[in-house]
Amino acid sequence: MGLRVIIEGFGGQGVKSAGDLLVTTLFNTGHRVHGITLYEPLQMGGLVTFSLAIDSDGDRVVPAYDRDVFIMMHRRLFTRAEGESVRPDGLIIVNAPEVPPELSETGRRIAAVDADTIAREYNLARASVPNLS
């Protein structure tokens with residue numbers, strides 16, 4: 001079955017760059033990996049989703065449910081359905097200074113990483129959206 005990962009954020013946050021980096025690194029270390037980027041039909045700042053299937057026995061699709069890892073580049077992306085799309089033993093990683101209370105209610109393992117602050121500290125922020133690519 002392999003590992004199924006979703007990275008989701010807004011345009012300019014480095015979703016595609018992070019996904020491409022993971023695909024290249026995993027491929028170069030001997031894993032079978034498939035990654036695809038999906039864009040919301042907006043000009044700038046729209047939703048970007050990177051779907052990553054690792055060692056998945058030929059299955060290239062990451063379903064809308066039963067995901068192993070869900071990386072949210074922006075807290076506003078969270079919905080109850082998104083949280084429940086992660087397996088009960090899965091992991092949610094959110095770009096926030098601390099775990100938001102609404103995420104705690106999912107019963108999933110959750111890690112908060114304050115990527116916005118890190119991006120500002122290292123002068124990686126452009127306009128209103130930190131650029132992590």
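Q: What makes R67 a charge that lies over the face of F70?
A: A charge counts as sitting over a ring if NZ of Lys or CZ of Arg is within 6 Å of the ring centre and within 35 degrees of the ring normal. R67 is at 5.6 Å from the ring centre of F70 and lies over its face, so the term applies. The model is predicted, with local features requiring pLDDT of at least 70 and side-chain atom pairs pLDDT 80 or more, whereas totals for chains, interfaces and linings use all residues. Residues are numbered from 1 along each chain as its sequence is written, and side-chain values use heavy atoms, with hydrogens and water left out.

Q: How many aromatic pairs does a search of the whole structure find?
A: The search finds 0 such pairs, where a pair would need ring centres of Phe, Tyr or Trp (its six-membered ring) within 6.5 Å, with planes under 30 degrees apart counted as stacked, over 60 as edge-to-face and the rest as tilted.

Q: How do β5 and β6 pair?
A: They pair in the parallel sense over 5 bridges, and N95 stands opposite V113 in β6.

Q: In which sense do β1 and β3 pair?
A: Strand β1 (residues 3-10) and strand β3 (residues 47-54) pair in the antiparallel sense over 8 bridges, and E8 stands opposite T49 in β3.

Q: What is the order of the strands in the open sheet, and which are the edge strands?
A: The open sheet has 6 strands in the order β2-β3-β1-β4-β5-β6, with mixed pairing. Its edge strands are β2 (33-39) and β6 (109-113), each of which pairs on one side only.

Q: How many helices and strands are there in the protein?
A: There are 4 helices and 8 strands, where helices (H or I, at least four residues) and strands (E, at least two) are DSSP runs numbered from the N terminus. Along the sequence they follow the pattern β-α-β-β-β-α-β-α-β-α-β-β.

Q: What share of the residues is buried?
A: Buried residues make up 40% of the 133 residues, where buried means under 20% relative accessible area, exposed over 50% and partly exposed in between (1.4 Å probe, protein chains only).

How values were computed. Pairing = 2+ DSSP bridges.
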